[in-house]
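Please look over the sequence and the fold shown below before reading on.

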Amino acid sequence: MPPTQAESVIKNIIREIGQECAAHGEIVSETLVAFMVKAIVLDPSNGFHMDRTLIKSDVQKLVKLCVTRLLDNKNPSLDTIKMQVYFDMNYTSREEFLQEHHRVLESRLGTISREITDNRSCAREELESLYRKIVSYVLLRSGLGSPTDIKIVREATAALQSVFPQAELGTFLTLSKKDKERQLKELTMIVTGIRLFNRDCGKGGEGIDDLPAILHEAIPGTTQHIDNQLQIAQDLAFRYTAILEKLIQNPLMSQELQSYMLKEALFNIRQYEIFLQIILSDIITCAQEVEMMTQQLAAQLEQLKMTVKSKTAVPTSQVFPVFIALSNLWTNFQDETVLLSVLSNLTMHLEPFLGTHEQLFPEKVLKDLLDGVTVKSDVYRIKEHIEDKVQFPDFRKLEWLFPETTANFDKLIIQYRGFCGYTFATKDGLLLPGNPAIGILKYKEKYYTFNTRDAAYSFSENPERYIDLITEQAKKNAELIQLLELHHQFETLIPYSQVKDVDKYYIKPITKCESSTQTDTHILPPTIVRSYEWNEWELRRRAIQLANLRQKVTHSMQTDLSHMRRDNCSQVYPSKDASTQSKQESSTCVPRPQIFIAGIRGGQSKTTHGVKVNLTRAIDET
């Protein structure tokens, strides 16, 4: 089926369901009907297939099921879906709300702004009428009083004339349209600052409410009301959880009580609690902004008083910036007032979606069910297993994050809004808060917490199995898609209020560990040129010095006392081997000396007489 044809069929189905509900006296929005249609189709028990084209009988069955669900006034699941749709349609982030609020104010001022900027008056009466329109524009834009109150108009006119006399209208009319609009905004801020200063001095301020005092009184009251509602919702959620735990241990009792209704009631009250926490967070931010702006307002007024004092004339360059700052601060006070009012109304309109609790589970019934049961709060459950941490050596292939090793541990986006996925999957949708101190499992760039260490170990053995079980449970109870933030699995059901928050699911953990590094003091050889001189005068001094040295003669002398201190050095050539060669070889033979001594042996006489005879031959005889 082509996309345009499918869209047309869906619109017809939604329109038919709305008409059927209206015929039974129930007015439902198209957004609620569209969500219900998707919820019915997702539920596998209804027998619809996403990849099969709907035939006529399927459409009739779908319409009948949707009408039946939408007309069931005693169904906590329907109340939860209605609450989610209402919150999604009426809640926006602080930044988006202020942008939309300013856009609406600009659109309301568009008519009178065009009347002023497009004016081409020349006559005196027409110029006076134009000036009155400018005064009205200033009052409407500032929001400080009604343009129909004569006292307020006179005060605003006097303040405007002090900075923009009527005689300057001629110059104003010669400006371009954009410059006229810019000057109108500047005049509004300056006049607003003047009126606020006069009000602080007790000389004016007609029709100006004391917004800081109103906010300081309203914010604590609103916060107290939300805290009370939050406490009631949490107490009821704790009691429902305790009863469901009791029913899980006693299956026979579960069949008699219809535990699925109690489970849906738990989903309803948990969703209400989450919405209250979101609103309370915005109100706390509002209180912080008001406190900061109150201090800034007092400082600006004190600075203005010190500048003006009793002077008759003050330079505009000194006071106009302060007037503009006062105006901007007051505009912020007005924004906070409107934001606080919207959040208060939103809180009040969420309460009707809790009506089924008293009908299905009155106080007497709850007391009977809680007989012999210990009701535990979320904080108590977390403290109960605070010491049971996951042992890191038990897991080699999975990554676990702990507070002491992860810098942004508190900022990680936990799956299922921080509830234990293992308990929800194995105990038929029981919502128990996860305990991050046990350890956060990182699996496929997503983070999971568990209420006990055993649950963490069991889930980590086969995460895909439990993730699929939770997805199947969400198909049966469509309100779980927003309650547990399963939008990445059901992209077509992402609420508008969270479409722009998709990037928040990609916050990466910043892990910490003990590490050390060592580097050389100087890895590369130094490249500093010691002889470099940047000072030009120092270079001139050196040049003059060298020039003078060229004309000088160096003398040296040696005295008796210093001559032995002189360093002497000498240079010698080392000996070398040398040989010569002659043309003729010759040799000589020297006779061997031979000497004979006779008479040594003795003779007849007693005295021995030796005779020495030289027998050596002459040289020439050899």
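Leaving aside its neighbours within four places in sequence, which residues is Val314 in contact with? With those neighbours set aside, Val314 touches Thr307, Val308 and Val319, where contact means heavy atoms within 4.5 Å. This is a predicted model, in which local features need pLDDT of at least 70 and side-chain atom pairs count only at pLDDT 80 or more, while totals for chains, interfaces and linings use all residues. Residues are numbered from 1 along each chain as its sequence is written, and side-chain values use heavy atoms, with hydrogens and water left out.

Val314 sits in the loop between helix H12 (259–308) and helix H13 (316–350); helices (H or I, at least four residues) and strands (E, at least two) are DSSP runs, numbered from the N terminus. Val314 counts as partly exposed because its relative accessibility is 22%, given that buried means under 20% relative accessible area, exposed over 50% and partly exposed in between, with a 1.4 Å probe and protein chains only.

H12 is followed by Lys309, whose phi is positive, near 50°.

Apart from its neighbours within four places in sequence, Ile269 is in contact with Ala233, Leu236, Ala237, Tyr240, Leu354 and His357.

The charged pairs come next. A salt bridge is a side-chain nitrogen of Lys or Arg within 4 Å of a carboxyl oxygen of Asp or Glu, and by this rule the count comes to 27 salt bridges. One of them lies within H12, where Glu273 and Arg270 meet with N to O at 3.0 Å; the two are three residues apart, about one turn of the helix. Glu273 counts as buried because its relative accessibility is 6%, and Arg270 counts as buried because its value is 2%.

The side chains of Lys82 and Glu26 meet in a salt bridge at 3.5 Å, N to O. Lys82 belongs to helix H4 (residues 76–90) and Glu26 to the loop between helix H1 (3–23) and helix H2 (30–42), 56 residues apart. Asp118 forms a salt bridge with Lys177, the closest N and O atoms being 3.2 Å apart. Here Asp118 is in the loop between helix H5 (94–117) and helix H6 (124–142), whereas Lys177 is in helix H9 (residues 177–201), 59 residues apart. At 44% relative accessibility Asp118 counts as partly exposed, as does Lys177 at 38%. Asp179, Arg182 and Glu186 are linked in a network of salt bridges.
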